[in-house]
Amino acid sequence: MTPLPDSLDWAKGDGLLPAVVQDWRSGRVLMQGWMNAQAYAATVESGRVTFFSRSKQRLWTKGESSGHWLTVEAIEVDCDADSILIQARPHGPTCHRGTDSCFGEGQGSPYAFLAELDALVQAREKERPSGSYTTQLFEGGIRRIAQKVGEEGVESALAGVAQDDAALTGEVADLLFHTIVLLRARGLSLADAVAELARRHRPAMAPAQP
């Protein structure tokens with residue numbers, strides 16, 4: 001549930017609170033801005049991240065000039081109710097310098113690339129560009145995709161027993177890619193598989209009841 005504007009401690013920052021925007025898929029930090037109660041309300045109402053510009057002294061919606069909107073997926077507030085975290089879907093580069101993040105082009109967590117790959121596979125499934133190997137897989141049908149997953153699984157197992165580290169990582173990379181394609185062919189995503197892993201793992205991490 002999106003926190004209501006009056007649940008935030010606007011007085012602590014003289015009416016302004018920091019708002020950090022993350023890519024909703026990868027978790028990468030895209031930018032940081034400032035919100036007052038009106039900017040927060042506009043963000044919730046429009047579904048597009050809106051800040052208060054301290055230099056222009058007005059509300060401004062990210063992308064209002066460039067068209068590179070940040071579409072809101074979720075909003076959270078920290079434990080002191082004086083900091084806002086927004087998970088958003090970027091539409092184009094976030095930074096005015098043309099980069100995906102205002103914090104440079106560092107790759108961040110290596111796991112974030114899996115989210116990028118999942119998004120790319122989703123786009124390939126919808127657009128089917130000619131000459132794309134992923135397009136060929138989708139057009140070959142789910143049985144062919146499943147066969148490739150099986151082949152890559154066997155090759156990964158064999159590499160783990162009889163080949164060097166480079167061969168093993170290469171085969172596992174192939175297995176991950178084809179598994180993502182198989183999930184997408186069934187209308188699922190990598191996030192669905194990760195959610196299942198989390199469901200299995202988190203109960204084991206919960207503290208014992210007294």
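Entry 1: I began with Asp-118, which is buried at a relative accessible area of 3% (buried means under 20% relative accessible area, exposed over 50%, partly exposed in between, with a 1.4 Å probe and protein chains only). Before going further I noted the ground rules: this is a predicted model, where local features need pLDDT of at least 70 and side-chain atom pairs count only at pLDDT 80 or more, while totals for chains, interfaces and linings use all residues. Residues are numbered from 1 along each chain as its sequence is written, and side-chain values use heavy atoms, with hydrogens and water left out.

**Entry 2: partners of Asp-118.** Which side chains does Asp-118 meet in a salt bridge? I found Arg-25, at 3.9 Å from N to O, and Arg-184, at 3.4 Å from N to O. For a salt bridge I need a side-chain nitrogen of Lys or Arg within 4 Å of a carboxyl oxygen of Asp or Glu.

The Arg-184 pair links distant parts of the chain, with Asp-118 in helix α2 (residues 112–127) and Arg-184 in helix α5 (residues 165–185), 66 residues apart. Helices (H or I, at least four residues) and strands (E, at least two) are DSSP runs, numbered from the N terminus. Both Asp-118 and Arg-184 are buried.

I then went back to the Asp-118 and Arg-25 salt bridge. Arg-25 sits in the loop between β1 (17–23) and β2 (29–35), so this pair ties together parts that are 93 residues apart in sequence. Arg-25 is partly exposed, with a relative accessible area of 28%.

**Entry 3: the whole count.** I searched the whole structure for salt bridges and got 12.

**Entry 4: the sheet.** I traced four strands in an open sheet, in the order β2-β1-β6-β5, with mixed pairing. The edge strands are β2 and β5, each pairing on one side only. Two strands pair if DSSP finds at least two bridges between them.

Thr-71 stands opposite Arg-89 in β6, and Val-77 stands opposite Ile-84 in β6. The hairpin has six residues between the strands, and Ala-81 takes a positive phi near 60 degrees there.

Entry 5: Glu-73 and Arg-89 meet through their side chains in a salt bridge of 3.3 Å, N to O. Glu-73 belongs to β5 and Arg-89 to β6, so the pair ties together parts that are 16 residues apart in sequence.

**Entry 6: cysteines.** How many disulfides does a search of the whole structure find? I got zero, taking a disulfide as a pair of cysteine sulfur atoms within 2.5 Å. Cys-102 is in no disulfide, and its nearest cysteine sulfur, that of Cys-95, is 4.1 Å away. Cys-102 is partly exposed at a relative accessible area of 37%, whereas Cys-79 counts as exposed at 78%.

**Entry 7: the record.** Over residues 31–103 I noted 14% helix and 38% strand, with the end C-alpha atoms 7 Å apart.
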